[in-house]
Amino acid sequence: MNNSMLKETLFLLKEMRSQQGNTEDCVIKRLNQTIQNLEALRGERFSEPEIMAIILQELGALFSELPEIQKQLEYLASL
């Protein structure tokens, strides 16, 4: 199964986490939790639509808690 969306999402989240040096611990903890949740999908047998739905749920939860992260992710994705 092609998990390009999962790989790209993980890459962007890890890149954001590495740039969070001067932010509060709660931001880094939340990013780490989202990354951990998504990395757990690698060993599972989900269909591509199921993986995409889970990714969207995780990102939705992340953005609702930390709306400023959405802007950073959009910027990184545009590079």
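**Threonines, helices and a loop**

Biologist: Where is the place of threonine 34?

Modeller: Elements are DSSP runs numbered from the N terminus: helices are H or I with at least four residues, strands are E with at least two. On that numbering, threonine 34 sits in helix 2.

Biologist: Before we go on, what sort of model is this?

Modeller: Residues are numbered from 1 along each chain as its sequence is written, and side-chain values use heavy atoms, with hydrogens and water left out. Local features need pLDDT of at least 70, side-chain atom pairs count only at pLDDT 80 or more, totals for chains, interfaces and linings use all residues, and the model itself is predicted.

Biologist: Back to threonine 34: buried or exposed?

Modeller: Buried means under 20% relative accessible area, exposed means over 50%, and partly exposed is in between, using a 1.4 Å probe and protein chains only. Threonine 34 comes out at 0% relative accessibility, so it counts as buried.

Biologist: And which residues is threonine 34 in contact with, leaving aside its neighbours within four places in sequence?

Modeller: Contact means heavy atoms within 4.5 Å. With the neighbours within four places set aside, threonine 34 is in contact with Leu13, Glu58 and Leu62.

Biologist: There's another threonine, threonine 9. Which residues does it touch, not counting those up to four places away in sequence?

Modeller: Threonine 9 lies in helix 1. It counts as buried because its relative accessibility is 9%. Not counting residues up to four places away, threonine 9 touches Leu38, Ile55 and Leu59.

Biologist: What about the largest nonpolar core: which residues have the most contacts inside it?

Modeller: A nonpolar core is a set of buried Ala, Val, Leu, Ile, Met, Phe, Trp, Tyr and Cys residues joined through side-chain atoms within 4.5 Å. The largest one has 19 residues, and those with the most contacts inside it are Leu13, Leu62 and Ile69.

Biologist: Which elements give two or more residues to this core?

Modeller: There are a few contributors to go through. The elements giving two or more residues to this core are helix 1 (4-18), helix 2 (25-39), helix 3 (48-65) and helix 4 (67-78).

Biologist: Who is leucine 13 in contact with, leaving aside neighbours within four places in sequence?

Modeller: Leucine 13 is one of the residues with the most contacts inside the largest nonpolar core. Setting aside the neighbours within four places, its partners are Leu31, Thr34, Ile35, Leu38, Leu59 and Leu62.

Biologist: By class, which residues make up the contact of helix 1 with helix 2?

Modeller: From helix 1, residues including Leu6, Thr9 and Lys14 meet residues of helix 2, among them Ile28, Asn32 and Glu39. Ala, Val, Leu, Ile, Met, Phe, Trp, Tyr, Cys and Pro count as nonpolar, Asp, Glu, Lys and Arg as charged, and the others, Gly among them, as polar. Sorted that way, the contact of helix 1 with helix 2 has eight nonpolar, three polar and three charged residues.

Biologist: How many charged residues are in the contact of helix 1 with helix 3?

Modeller: Helix 1 and helix 3 pack at about 20 degrees, with axes 10 Å apart, which means helix 1 is roughly parallel to helix 3. Met5, Leu6, Thr9 and Leu13 of helix 1 make the contact with Ile51, Met52, Ile55, Leu59 and Leu62 of helix 3. By class, that is eight nonpolar, one polar and, for charged, none.

Biologist: And helix 1 with helix 4: left-handed or right-handed crossing?

Modeller: This pair packs at about 115 degrees, with axes 10 Å apart. Leu12, Glu15 and Met16 in helix 1 meet Ile69, Gln72, Leu73, Leu76 and Ala77 in helix 4. A crossing is left-handed if the near helix is turned anticlockwise from the far one by less than a right angle, and right-handed if clockwise. Here, the crossing of helix 1 past helix 4 is right-handed.

Biologist: Last one: which residues is arginine 42 in contact with, leaving aside neighbours within four places in sequence?

Modeller: Arginine 42 is found in the loop between helix 2 and helix 3. Leaving those neighbours aside, arginine 42 is in contact with Leu6, Leu10 and Lys14.

Methods. Axes are lines fitted to C-alpha atoms, for helices over the stretch in contact, and angles run from 0 to 180 degrees between N-to-C directions. Angles under 35 degrees count as roughly parallel, over 145 as roughly antiparallel, 65 to 115 as roughly perpendicular and the rest as oblique.
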